[in-house]
Amino acid sequence: MSDLTGLIKISSHQDSFASGDVVFVHGLGGDASSTWHPKGKRNDDNFWPVWLGKDQLGLNIWSFGYDAQATNWKSNSSMPLFDQASNLLDWLDIHDIGKHPLVFITHSMGGLLVKKMLSSAKNLEKYKGILEQTKGIVFLATPHTGSHLANLIDNIGVLARTTVSVEELKAHHPQLRELNEWYRQNARSLGIATKVYYETLPVQGILVVDPDSANPGIEGVNPVAMPDDHISICKPESQNSQVYLGVKKFIEECLKNSVGLDNSNGTREKKNRSILEILEKPKGYWQDKLASLEQEYHSTTSASSKFELKKQIQECRTELIRIEEKLTLARNPARYKFLKSVKSEVERLLDQRLYQETLINLKKESRPKKVRRPRDDYHYQQNELLPSETRIIEFFDKKAVSGKLLILGEAGSGKTVTLLELTKSLISRAEQDPSEPIPVMLSLSSWKNQKIEEWLVAESCYLYHGVSEIDVRKLLEKHQLLPLLDNLDELNKNQFKCVEAINNFLTSNYKSNYLVVCSRLTEYERCFTPLQLNGCVCLKPLHETQIQYYFESIKRVDIWQSIQVDEQLIKLAKNPLFLHILTEIYTKSSIEELKKIKDKENQHCYLFNDYLDSALKGVSSPDKKKHWLSWLAQRLEENQEVDFLLEKIQFDWLQTQTQKKLYKIIVALIVGTVSMPILIIVFTNLNNIVDIDNFMAINVFDKNPKFSLAVISIIISLIFGSVISLISPKINPVETLKFPDQELIKALKFPSLKERFVGGLINNIKIHNNETINSAIASLIDISLMTVIGMLAPITAIFRGLIRGLKGPELNIKRRDFPNQGIYKSLLNAVIYAATCALLSSLVGLVYFWIDGQQSINPNDINLISYLLIWGLLGLLAGGLYPGRAVIQHITLRLILSWNNYIPCNYVKFLEEFTEKKLLERIGGRYRFIHRLLQEYLANFAKYG
């Protein structure tokens, strides 16, 4: 290893088949060898890249070397991070890396280099294979948000002479923040697993990378603290070291889950064939080896040899099982990717839960009369309390239920976590047996009077990233989906229709062999039509022994001792939600206060209030923010909704008539102000084409025509703004665009009276240009005639068709990826609308310019610029205001609401803050309270508070 720059091969697999590539990337001041050696040696093969090549069968091991000195003291050639990334990409491409699963092991700046390399590869077609094959990254002490050492070196100044590499490591550098944000948002969708280790010991009194900086902020990734410093953390001393064993296991998991992740429809089949061909080679090798070992085992008589041979035979069989698993996945990559995405989402949901009922196996009661099944014998059975040890998967598997199950329970009884527990069990089953259906857990709160099969496909594609609609539909048609549907009760009035839709789905061609629905008991009992399922289980309140066990398991016996003598508190603790809150807010004084409250409703309010106060500790202006949460909950309850979309706030959120009048006035003023300069330019140029004195039959322009034009423009602008404000106060964002073919055809076939009138008005202006009519009365006669004839109506009809027809359907709730997406889309579409209408109306102006030039006595007096400006600016105004009005209304509404202290100025920041506090959860661009009971309490906060 004399030359330690570029991509250096440490070890390679002995035959043509390689199960993957592992690339080591060092950090500041390191190199391709000594960085990883326990004694910092350069020419010694006794270090962990070599160990990994020997331990992990089938791996090619590489180490990337580059110049990244911590100071200029040794070298002046340190290359910027962005250049190093392209350098690494080129080296990987030279060695054909990107054909097998790829894992990076990085230290310090090496982690930033790899992240930058991947972000660059995403935009370059040539390197997409590298990006797609990257299955995992190990970060060893990587400063994702900067490093204190970089600041220290920078302060040293002349002595250290900081290089570009160190400059890029400065704490909270914008490039680092952007890079980390890119990785945080894309790692999951790209199928890249992440493992993080960080140092806890300083180097010469400096903790180079602190725990916060070392955390990339990816859901489900828990950084591991190591008793090492920044330099020693990447130098495992033996094959029993924690870092070595952890990284080895991580690589095994990445390779195990690496097959068939390409979602490109055009190349998927070809790639699957190549994977199958590659995997068949080692399968044949191990089968031959197994046959040879078994033959040798039967022929030998030595006991010690038999023992050793038996051990080798077992290893061969294990390897064959592993290869067969990969083959199974390669034959059906869509299934594997879908299953992996479902598993990831379930883990995320469990992590977000307000409480963890899984510590307790909730008691269950079979209630057959809550469902209607084909065989009446089950329906007429009596309710039956199931044995306490019965798990939900066991009831699901009962012959009488056969996987078609309804789960009921009171608010806070643990329904959702029970459903998550069932989903986890079914995922495990599907992983082990490819013939088992894929469980998909979805919330019915987003159902909008659709066929269940259509909703299932759309919702699955949205929730489970990287899963195509074609693949989901195929799985549904083959009955390979197992829907688990939560929150039926959140549909309110639509619940009845949804039950009918589910029952229709169960008898359709798409019917699933299994289906689980979850709902609150009270809301479900209001539904006259029962679900056509085979079984129903109702979650029961906790027993005292379960409550005691819970407190003992979390080592909080003191809480049990405080509440066990109070019957009312025991009754409260039987609800898993309130049991958790008791645990969170417990103090002796709070329990004593709670004991004084005998009313159940007031006890609930006391608990929620204390829980909110606990969550708001350390938050600025907690009372004000609690008020904002309460106000939001009130609006959601009023509209019978659980999902909050910022772009969906409406005019009726204003509470007083004064506020509503102010809203209309401000909208009118903004529209008038925006249109004013445009109309001034239009009237100024119109006076160059048309004798406005004669057209209007008045003489207002003699003394000061410019001033008169400006006054008229201002008046018309304000009138125009008032009309726009009064047309409809409702906010209707133009969220998507479409080509208005049908609208244009309809408009041209049947021009309306309004379009005929406007056409006549336009024609009258043209006639006046030739000075053939000189009175207002004659103008009215001409307009009336042209309205009846309708000669120019097609032009106005085209504009109406364009303006109304370009608007596409509203963004589906499942397609909203970030907060306030509808308004941002409307703003973007306002620009597109304005440009389109301005261009088309300018063409109309060009046509009129040609017509007037042909008819005019003095063609040289006809000004082309005036025609283009008039028509172009009118098209710009009409086109821009159609989508833009929603933006103006939205901003105005939020200003008034904020001014009256109903909402914060920065609503998104506020919502994100309480998402982190686990009072809200965000799904795409929408937010919801973490539990419906919390929303209901906050909606009545003014009453209880």
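# Exercises on a predicted model

Aspartate 489 touches Gln495, Cys518, Ser519, Arg520 and Glu523, where residues up to four places away in sequence are not counted and contact means heavy atoms within 4.5 Å. The model is predicted, so local features need pLDDT of at least 70 and side-chain atom pairs pLDDT 80 or more, while totals for chains, interfaces and linings use all residues. Residues are numbered from 1 along each chain as its sequence is written, and side-chain values use heavy atoms, with hydrogens and water left out.

## Exercise 1

Find the place of aspartate 489 and decide whether aspartate 489 is buried or exposed.

Solution. Start with the chain: aspartate 489 is in the loop between β12 (481-486) and α18 (495-506). Helices (H or I, at least four residues) and strands (E, at least two) are DSSP runs, numbered from the N terminus. Next, take the accessibility: aspartate 489 has a relative value of 7% and therefore counts as buried. The cut-offs are under 20% relative accessible area for buried and over 50% for exposed, with partly exposed in between (1.4 Å probe, protein chains only). Last, look at the side chain of aspartate 489, which reaches the backbone nitrogen of arginine 520 at 3.0 Å.

## Exercise 2

Give the strand order of the open sheet of 7 strands and identify the strands at the edges.

Solution. The order is β1-β3-β2-β4-β5-β6-β7, and the pairing is mixed. Two strands pair if DSSP finds at least two bridges between them. β1 (6-11) and β7 (224-226) each have a single partner strand, so they stand at the edges and one side of each has no neighbour in the sheet. From one strand to the next the twist averages 20°. One of the residues to check is tyrosine 197, whose bridge partner in β7 is valine 224.

Helix α3 (residues 109-121) lies across β2 (20-25), β3 (59-65), β4 (102-107) and β5 (134-140), at about 140° to β4. Helix α9 (residues 242-256) lies across β2, β3, β4, β5, β6 and β7, at about 170° to β6. Axes are lines fitted to C-alpha atoms, for helices over the stretch in contact, and angles run from 0 to 180 degrees between N-to-C directions.

## Exercise 3

Classify the ring pair of tryptophan 628 and phenylalanine 910.

Solution. Rings of Phe, Tyr and Trp (its six-membered ring) pair if their centres lie within 6.5 Å; planes under 30 degrees apart count as stacked, over 60 as edge-to-face and the rest as tilted. By this rule there are 17 aromatic pairs. The centres of tryptophan 628 and phenylalanine 910 are 5.6 Å apart and the planes stand at 90°, so the pair is edge-to-face. Tryptophan 628 is in helix α26 and phenylalanine 910 in helix α36 (residues 907-916), so the pair ties together parts 282 residues apart in sequence. Tryptophan 628 is buried at 11% relative accessibility, and phenylalanine 910 is buried at 3%.

Trp628 and Phe910 belong to one aromatic cluster with Trp631, Phe644, Trp653, Tyr902, Tyr907 and Phe914. The charged end of arginine 635 sits over the ring of tryptophan 631, 4.5 Å from its centre. The rule for this asks for NZ of Lys or CZ of Arg within 6 Å of the ring centre and within 35 degrees of the ring normal.

How values were computed: Polar contact = N/O pair within 3.5 Å; in protein donor to acceptor, adjacent residues only side chain to side chain.
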